[in-house]
Amino acid sequence: QVQLVESGGGLVQAGGSLRLSCAASGRTYAMGWFRQAPGQAREFVAAISGSGGTTYYADSVKGRFTIARDYAKNTVYLQMNSLKPEDTADYYCAARDTVLATTVDKLYDYWGQGTQVTVSS
């Protein structure tokens, strides 16, 4: 059983940066980040394949967010720059038992508990 633990959330002013981390306890392949704002549905943010060679981003974060992974630490990161108030949400890390990255949340096998990100205007 894979366990995912997110960290790095917090309160930041608009235009600022945060880096989220997701540490995995077991072997993981493709991984992704999703977010859910209050009263809204969960939405895809970014994903990375098992090899790290393929990444996907939501249009709303493209050019501002970067997903990366450190195999030695079994950790995936989400670097978030130029943050906007609309980025405020709970951010969740997810992992798959396959190397293929996907933007579809239902295709992920494991989920973390989430970390809160608040961007003030």
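## A buried arginine

R35 has a relative accessible area of 5%, so this residue counts as buried. The model described here is predicted.

One partner is D87, with the closest N and O atoms 2.9 Å apart. R35 sits in strand β4 while D87 sits in the loop between β8 and β9, so this pair ties together parts that are 52 residues apart in sequence. Like R35, D87 is buried. Another partner of R35 is E43, where the closest N and O atoms are 2.5 Å apart. E43 is partly exposed, at a relative accessible area of 36%.

## Salt bridges

How many salt bridges does a search of the whole structure find? The search finds 5. Through shared partners, R35, E43, R64 and D87 are joined into one network.

A salt bridge also links the side chains of K62 and D59, at 3.2 Å from N to O. D59 is exposed, with a relative accessible area of 66%.

## The nonpolar core

In soluble globular proteins, nonpolar side chains tend to be buried together. Here the largest nonpolar core has 35 residues. L4, W33, L78, M80 and Y91 have the most contacts inside this core. Two or more core residues come from each of the strands β3 (18–24), β4 (31–36), β5 (43–48), β7 (65–70), β8 (75–80), β9 (89–95) and β11 (115–120).

Leaving aside residues up to four places away in sequence, Y91 touches a set of residues including L20, W33, F34, V45, L78 and M80. Y91 also touches R35, the buried arginine described above.

Terms used
Residues are numbered from 1 along each chain as its sequence is written. This is a predicted model: local features need pLDDT of at least 70, side-chain atom pairs count only at pLDDT 80 or more; totals for chains, interfaces and linings use all residues. Side-chain values use heavy atoms; hydrogens and water are left out. A nonpolar core is a set of buried Ala, Val, Leu, Ile, Met, Phe, Trp, Tyr and Cys residues joined through side-chain atoms within 4.5 Å. Buried means under 20% relative accessible area, exposed over 50%, partly exposed in between (1.4 Å probe, protein chains only). Helices (H or I, at least four residues) and strands (E, at least two) are DSSP runs, numbered from the N terminus. Contact means heavy atoms within 4.5 Å. A salt bridge is a side-chain nitrogen of Lys or Arg within 4 Å of a carboxyl oxygen of Asp or Glu.
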